[in-house]
Amino acid sequence: KRASELGKRLVWHNDRLAQVTDQSLFILSEFEEALMTGQISVFYQPKYSLIDDFVNGAEALVRWEHPDKGMVSPSLFVPVLEHENLMEALTLFVLRQVVEDVERWNSVRNPMGCAVNISASLLANPAFAKRAVAIIRDSGIDPALLTIELTETAALSSQEMAASSLNQFKQLGAHLSIDDYGTGQSTLTYLKSFSADEIKIDQSFVKLIATDNANKIMVRSSIEMAHALGMKVVAEGVEDIAALNVLREFGCDTIQGWYVGKPVARDEFMQRWCLNLFDSSGGTSAPDWVG
Ligand code: C2E
Ligand code: MG
Ligand code: MG
Ligand code: MG
């Protein structure tokens, strides 16, 4: 009986492995073509300032619309690309799109900033920072409109290299944020080693903040700590007004989440959040407190 249990488990394990490998293989074999044929695009999610009471920025979130598989989630393909060193191509693609869009947005509504996710592993490569900085500089946009969100799907290999890459962005005038704050092992280390302007508290702490006392305490003390260190705080994953109210009470600077708005394609972001052409016909219109 035990042998058959073990056998079943092994079969399950093999299936799972085959599935995972399959997925990675399709991502690796099709990603570059996807990038060239317009399957990859950048969506934008609004960020709402609780201090000024209006939307003053966005986060760029990559999307892959596969002709057969439909939307492929970045949480699926980003880790695979990371593993195969394809992240640089993706990130520079996103950045080129972002500087173009930030310029368009700010011609009608200023200031409208944008955050770009950058994997910590990319910072180990000095050539990447150079290329990225060149894209920002050549675009002519005010670099202060950009925030680099340091994401940690892979461990940092060299702290010094990463710090020197981040310095290039900082010297240019871009802001630096620590994404998914509170998860992973390195967030406090990051705080000490890099001069971040902002922490972005992970949605796992934010979602149930109105009802979960432990989450409340952790978020409140993170906000206090960040402010004491001279940093701003963004809370991600705000899904209802109850969470918003708690965060406002705690002095959180900026919120992001479905309650304000979901990530949308670039044209829709322009319409809804820069030109304020809200769709009044459906359930997609912005809450009326959004300025
Ligand atoms: P992230 O940077 O922490 O982005 C926040 C994620 O939470 C996004 O998922 C967003 O759609 C989702 N989200 C926002 N508000 C809510 C909410 O109220 N409720 C819930 N349940 N979810 C919410 P998404 O777009 O699937 O991206 C997943 C992750 O993929 C990102 O997490 C980021 O780590 C990574 N990613 C996305 N685009 C890029 C990119 O261009 N470069 C890199 N390196 N990573 C990226
Ligand atoms: Mg992010
Ligand atoms: Mg995040
Ligand atoms: Mg996250």
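Which residue in β10 is the bridge partner of Phe-43? The partner in β10 is Ala-265. This is a predicted model, in which local features need pLDDT of at least 70, side-chain atom pairs count only at pLDDT 80 or more, and totals for chains, interfaces and linings use all residues. Residues are numbered from 1 along each chain as its sequence is written, chains are lettered from A and ligands numbered from 1 in the order in which they are written, and side-chain values use heavy atoms, with hydrogens and water left out.

**Overall make-up**

- The chain contains ten helices and ten strands; helices (H or I, at least four residues) and strands (E, at least two) are DSSP runs, numbered from the N terminus.
- Of the 291 residues in the chain, 46% are buried; buried means under 20% relative accessible area, exposed over 50%, and partly exposed in between (1.4 Å probe, protein chains only).
- The chain has an accessible surface of about 14,600 Å², and carbon and sulfur atoms account for 52% of that surface; the areas come from the Shrake-Rupley method with a 1.4 Å probe, and for residues only the protein chains shown count as cover.
- Among contacts between residues at least 6 apart in sequence, 68% join residues at least 24 apart; a contact means heavy atoms within 4.5 Å.

- Glu-59 (OE), Asn-117 (OD1), Glu-149 (OE) and Asp-179 (OD) coordinate the magnesium ion (ligand 2), at 2.0 to 2.2 Å.
- Donors are N, O and S atoms within 2.8 Å of the metal (3.2 Å for Na, K and Ca); water is not among the atoms, so sites may look incomplete.
- Along the chain, the donors of the magnesium ion (ligand 2) have the spacing E-x57-N-x31-E-x29-D.
- Asp-179 is a bridge between the magnesium ion (ligand 2) and the magnesium ion (ligand 3), which lie 3.7 Å apart.
- Because Glu-149 is in strand β5 (residues 146-151) and Asp-179 in strand β6, the pair ties together parts that are 30 residues apart in sequence.
- Both Glu-149 and Asp-179 are buried.

**Magnesium ion (ligand 4)**

- Asp-180 (OD) and Glu-236 (OE) coordinate the magnesium ion (ligand 4), at 2.3 to 2.8 Å.
- These two residues link distant parts of the chain: Asp-180 belongs to strand β6 (residues 175-181) and Glu-236 to strand β8 (residues 232-236), 56 residues apart.
- Asp-180 is partly exposed, at a relative accessible area of 26%, whereas Glu-236 is buried, at 8%.
- The magnesium ion (ligand 4) and the magnesium ion (ligand 2) are separated by 6.0 Å.

**Strand β1 and its partners**

- Strand β1 (residues 40-49) is mostly covered, with nine of its ten residues buried.
- β1 runs antiparallel to strand β2 (residues 54-66), and ten bridges join them; two strands pair if DSSP finds at least two bridges between them.
- β1 and β2 form a hairpin with four residues between them, and Asp-53 in the turn has a positive phi of about 55°.
- Two bridges pair β1 with strand β10 (residues 264-265) in the antiparallel sense.
- Two bridges also pair β1 with strand β9 (residues 254-256) in the antiparallel sense, where Thr-254 is the bridge partner of Ser-49.

**Helix α2**

- Phe-77, Val-78, Val-80, Leu-81 and Glu-82 are buried in helix α2 (residues 74-83).
- An α-helix has 3.6 residues a turn, so residues three or four places apart point the same way.
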